[in-house]
Amino acid sequence: MRFAVIVFPGSNCDRDMYHAVKDGLGEEADLVWYENANLADYDAILLPGGFSYGDYLRSGAIASVSDVLNQIKQKAEAGTPVLGVCNGFQILLETGLLPGAMLRNEKLKFMCHYETLVVERDDTIFTSGYEKGQQIQIPIAHGEGNYYCDDRTLEELKKNNQIVFTYKNNPNGSRDDIAGIVNETGNVLGMMPHPERAVEDLLGSSDGLAMFQSVLQHWREMYVTTS
Amino acid sequence: MKKVKIFITLKEGVLDPQGKAVQEALQANGFPDVADTRVGKYIEMTLPDDADVALEVQRMCDKLLANPVMEEYSYTVEEGVRS
């Protein structure tokens, strides 16, 4: 399986993401510069964390109007798994692939520590390796991770079962403790916590690895036939 | 040229922790009557004299400059500005 890790000027978790796929999962990954990218042959798209374009204007705003996002939208519509982590989540929100927006953290502090996440759905292509209700340890690292949406959008998210992860102890003021959501078709996931930083015990937790394994498992079920 | 000044603020009802922190600092520094402090963004630019400013600004704000989920914008135009 081939993963594309999209690199923008200012991305800084791209190598963590690459390492998670290459060494943690043991599959193919490429760091793909956002200009002149060709995503046609990739089976999954990863939007890493960081500060694309220095967070100018709003986090993720300028990256969200770059050409590569048009390709990512097409891939997303075709059903390709798209995972946006941290700044990647912010880009997905800005580009409209996921609903809502990010505000500054309630306490205005940049926060960088482990959080306990509750797995709300174990039936997505990203989370089939977990169990519903399972609590996992995944680090956060953000200053603008306070998920916001209006009442109507929140109702929609609940009705369509789009909330995938919640914080056990909400660190940033996010509405309804939301840490990660999927689109209606379930193939685009955005989350503020960093699963790619939790793929081996040496790093403090390997709870993030099951997310990458879930995506691989789904891909194998779809495309690999055993004789 | 037309000089356009665009003001972007968080929507009413959206918590503005930055505005709150600024207000509390002002109140603690001899301005106890300050209320409803909001921190926003200010963007200025010039457009050609024949530009349809209302349309252009709306398109720019919808596409990039403001996020309609949490922000709103307003603008002023000065006509006949020399570049």
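**Reasoning about the fold of chain A**

Student: In this predicted model, what share of the contacts in chain A with a separation of 6 or more comes from residues 24 or more positions apart?

Tutor: Such residues account for 75% of those contacts.

Student: What makes chain A agree with a compact globule?

Tutor: A compact globule of 227 residues would have a radius of gyration near 17 Å, and chain A has 16 Å, so the value agrees. Along the principal axes, the C-alpha atoms of chain A fill a box of roughly 55 × 40 × 35 Å.

Student: Why is helix H3 of chain A called largely enclosed?

Tutor: A residue is buried if 20 or more other C-beta atoms lie within 10 Å of its own. Nine of the nine residues of H3(A), residues 87-95, are buried, and therefore the helix is largely enclosed by the rest of the structure. Among these buried residues are Phe89(A), Ile91(A), Leu92(A) and Glu94(A).

Student: What covers the buried residues of H3(A)?

Tutor: The cover includes helix H2 (67-77) and the strands S3 (44-47), S4 (82-85), S5 (101-103) and S11 (188-191) of chain A.

Student: Which residues have the most contacts inside the largest nonpolar core?

Tutor: That core has 71 residues, and those with the most contacts inside it are Phe3(A), Val5(A), Ile6(A), Ile45(A) and Leu46(A). Apart from it lies another core, of five residues, including Val4(B) and Leu65(B).

Student: How do you know that Ile6(A) is in contact with residues beyond its neighbours in sequence?

Tutor: Contact requires C-beta atoms within 7 Å. With neighbours within four places left aside, Ile6(A) is in contact with residues including Val32(A), Tyr34(A) and Val68(A).

Key: Residues are numbered from 1 along each chain as its sequence is written. Chains are lettered from A and ligands numbered from 1 in the order in which they are written. This is a predicted model: local features need pLDDT of at least 70, side-chain atom pairs count only at pLDDT 80 or more; totals for chains, interfaces and linings use all residues. A nonpolar core is a set of buried Ala, Val, Leu, Ile, Met, Phe, Trp, Tyr and Cys residues joined through C-beta atoms within 7 Å. A residue is buried if 20 or more other C-beta atoms lie within 10 Å of its own, exposed if 12 or fewer, and partly exposed in between; C-beta atoms are placed from the backbone. Two residues are in contact if their C-beta atoms, placed from the backbone, lie within 7 Å. Helices (H or I, at least four residues) and strands (E, at least two) are DSSP runs, numbered from the N terminus. The radius of gyration is taken over C-alpha atoms; the globule rule is 2.2 Å times the number of residues to the power 0.38.
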